[in-house]
Structures are given as C-alpha cells and as structure tokens.
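Subject: Structure for you to look at

Hello,

Here is the structure I promised to hand over. Please open it and keep it in view while you read.

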Amino acid sequence: MFDVQQEAEKLGHKLGVFDVGTLNDTIAQGRMNDLILMQEALQEKKIGDIAEQIHESGRKLVMIAGPSSSGKTTFSHRLSIQLGALGLKPHPIAVDNYFVNRVDSPRDENGNYDYEALNCIDVKQFNEDMEALLAGKRVELPVYNFVKGEREYKGDFLQLGAEDILVIEGIHCLNDELSFSLPKESKFKIYISALTQLNVDEHNRISTTDCRLIRRIVRDARTRGATAEETLARWQSVRAGEEKNIFPYQEEADVMFNSALIYELAVLKQYAEPILFGIDKECEEYTEAKRLLKFLEYFVGVGSENIPKNSLLREFVGGGCFQV
C-alpha cells in the first residue's frame with residue numbers, strides 16, 4: 001500500500017499537478033484535455049503491465065477486490081481486453097451474481113440487510129461452479145436480478161478451453177473463504193482502490209474515502225435512482241463492511257492498482273453538486289452534504305465530453321462503452 005501511495009505522488013509530479021491549485025491552473029490554461037489523455041494513457045499502461053504478469057504466471061483465476069466505488073467492474077473489463085490482446089480468452093464474472101435471494105440475506109445489528117457480509121454470497125454454489133469450469137465442464141452461470149432480489153438463470157453457459165481465463169470481481173475476492181475449494185496456485189489476486197494523489201495544499205490532504213463517496217453518490221443517483229440522502233445514510237454501514245471484509249486482506253494481493261484519476265473531482269463536481277443541494281436542511285445527512293459541497297468549492301468544474309469511453313470515471317458519470 002505504501003508503495004502504491006508513493007507511486008501516486010510521483011505520478012502527480014510527472015503530470016505537473018501537485019494539489020488543487022495546480023489542477024485549477026491546468027484547467028484555466030486550457031490544458032485539461034492533455035492532462036486527461038496523459039493520465040488515461042498511464043493508467044492503461046499499468047493495466048497492460050498487470051495483464052503481462054498474469055499471462056506470465058499461467059494462472060487461470062484472476063481475483064479482483066476493492067472497496068466501494070473503486071472501479072472494480074470497469075477495471076475487470078479493461079483488464080480482460082488487455083488479456084485478450086495477449087492471446088488469452090478472458091471471461092469476466094461478478095461475484096454479486098451469486099448473492100443469495102434477498103429474503104435469505106443476513107441482517108446487521110440494526111435489522112438491515114448486510115450486503116457486505118460473506119454469507120450474503122452463496123459460497124457453496126460459487127465454488128461448485130468455479131471447480132466445474134476449471135475441470136473443463138460446461139456450466140450455466142447465474143445473473144442476479146437486483147430489482148426482484150433473486151438469482152436467475154437465463155441460459156448463460158460457459159466452458160473453458162486451454163486459453164480461457166476467469167476474471168472474477170467482488171469485495172470478498174482476496175478472502176480465501178470465498179474460494180475455499182479452489183487451488184491457491186491458480187489464483188492471481190488484485191487489490192484496487194482509488195488512492196488520490198492530490199492535496200488541497202501543502203498542509204491538507206484530500207481524503208481517499210471522500211473521493212469514493214462522491215463517486216458513489218453520482219453513480220447511485222444515475223444507475224439506482226438513489227438520492228444523496230440515501231447514499232450518505234448507508235455510507236457508514238458500507239465503511240464498516242470494508243473494515244471487516246476488505247481492508248484486512250489487501251496485502252494478500254499479488255498486485256495493487258490505483259484507480260484514482262488526478263482530474264476526476266473537477267468532473268465529478270458538476271454531477272455531485274446538484275444532487276447534494278437536493279438534501280433538505282431538516283435531514284440528518286444535511287451537515288455531511290454541506291461539508292462535501294464546501295470541499296467541492298475548491299475545484300474548478302469541467303465537463304465530461306473529453307473523457308475516453310473506456311475510462312474508469314465513466315462507471316460513475318455514464319456514457320462509457322462497458323455495460324456497468
């Protein structure tokens with residue numbers, strides 16, 4: 001983790017953006033498009049390097065985990081493309097499709113469904129299916145219907161050949177309890193998180209957690225019809241789940257990938273502010289919304305039109321080329 005943070009700091013110097021002030025200067029000088037292209041190129045190179053490591057390892061299971069709004073889904077698709085360029089045949093699999101039916105989900109101490117818990121996943125079925133695939137058998141994969149809260153089967157069959165590889169993403173993927181029956185030597189583990197390299201100034205750093213929260217507020221409003229109030233109300237529960245189920249396993253990873261984009265808050269500002277302004281003063285989450293709005297005031301806002309279609313940021317603002 002320390003090495004990844006150091007790498008992020010060096011990236012900022014390479015791009016000439018060290019803090020919010022130099023980012024705003026870049027925008028004001030009309031150099032934002034160049035910054036976007038350079039940042040995206042560096043990130044694509046990193047994904048390509050990881051694909052090379054996987055190819056050389058010969059492992060058949062790529063396990064991707066990371067906290068909420070780290071960009072796991074888009075990363076898994078981009079990694080799959082890089083693996084395909086190396087002659088492999090990747091198959092992205094979301095562990096979320098193995099959720100138990102909502103009525104059978106565990107509940108937390110407040111009586112709410114605990115979607116971050118491992119036993120929210122049908123671990124037994126997941127292992128049976130992955131074992132069968134590794135053995136060369138034909139398997140029908142499930143799709144989870146989040147509207148109905150039920151796992152469904154719609155004829156999505158898969159059978160692995162010599163060049164096929166599974167790219168599996170989910171919050172528990174670094175925890176061997178999820179994949180207890182699968183051989184350790186077949187797993188290549190990747191930890192992904194948005195570790196921002198920007199500071200407000202020389203004395204005040206930007207919280208990585210705040211960046212992920214703003215990403216989630218924007219995505220939830222776009223894809224799930226959730227208000228900022230609802231996302232903020234659930235955030236502490238999400239964070240508690242990360243502390244329990246993700247962070248203890250992060251050093252188990254073979255590689256770590258930093259999904260933070262040095263320019264992203266200038267773009268997210270345009271999407272997050274109208275949503276946050278919608279929170280009523282009487283709401284319990286109003287104080288937190290005001291804090292985030294005050295934070296976003298530091299940034300000069302820019303549009304999303306120059307962001308590449310395969311960018312990780314597209315997972316949150318929309319308009320991407322992947323179905324996420």
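First, the ground rules. This is a predicted model, where local features need pLDDT of at least 70, side-chain atom pairs count only at pLDDT 80 or more, and totals for chains, interfaces and linings use all residues. Residues are numbered from 1 along each chain as its sequence is written, and side-chain values use heavy atoms, with hydrogens and water left out.

Aromatic rings

How many aromatic pairs does a search of the whole structure find? The search finds 7. Rings of Phe, Tyr and Trp (its six-membered ring) pair if their centres lie within 6.5 Å; planes under 30 degrees apart are stacked, over 60 edge-to-face, and the rest tilted.

Take Tyr98 and Phe126. Their ring centres are 5.4 Å apart and their planes stand at 85°, so this pair is edge-to-face. The pair links distant parts of the chain, 28 residues apart. Tyr98 sits in the loop between β2 (89-94) and α5 (123-134), while Phe126 belongs to helix α5. These labels are DSSP runs, numbered from the N terminus: helices are H or I with at least four residues, strands are E with at least two. Are Tyr98 and Phe126 buried or exposed? Both are buried. Buried means under 20% relative accessible area, exposed over 50%, and partly exposed in between (1.4 Å probe, protein chains only).

One aromatic cluster is formed by Phe99, Tyr115, Tyr144 and Phe146. Phe146 lies in the loop between β3 (139-145) and β4 (150-158). Its relative accessible area is 46%, so Phe146 is partly exposed. Leaving aside neighbours within four places in sequence, Phe146 is in contact (heavy atoms within 4.5 Å) with Asp96, Phe99 and Arg102.

Phe157 has a charge over its ring. Arg138 lies over the face of Phe157, 4.0 Å from the ring centre. The rule is NZ of Lys or CZ of Arg within 6 Å of the ring centre and within 35 degrees of the ring normal.

Helices α3 (residues 32-57) and α4 (residues 72-85) have axes that come within 9 Å and cross at roughly 65°. Axes are lines fitted to C-alpha atoms, for helices over the stretch in contact, and angles run from 0 to 180 degrees between N-to-C directions. The crossing of α3 and α4 is right-handed. Right-handed means the near helix is turned clockwise from the far one by less than a right angle; anticlockwise is left-handed. The α3 side of the contact includes Ile47, Ile50 and Ile54, and the α4 side includes Phe75 and Leu79. By class, this contact of α3 with α4 has 7 nonpolar, 3 polar and 3 charged residues. Ala, Val, Leu, Ile, Met, Phe, Trp, Tyr, Cys and Pro count as nonpolar, Asp, Glu, Lys and Arg as charged, and the others, Gly among them, as polar.

Now α8 (residues 264-277) and α9 (residues 286-296). Their axes come within 10 Å and cross at roughly 145°. This crossing of α8 and α9 is left-handed. Among the contact residues are Leu265 and Phe277 of α8, and Leu292 and Phe295 of α9. The contact of α8 with α9 has 9 nonpolar, no polar and 2 charged residues.

Two loop residues

Ser69 is in the loop between β1 (61-65) and α4. Ser69 is not a glycine, although its phi is positive, about 60°. With a relative accessible area of 3%, Ser69 is buried.

Pro248 is in the loop between α7 (228-245) and β7 (255-258). Not counting residues up to four places away in sequence, Pro248 touches Glu242 and Glu243.

Best wishes
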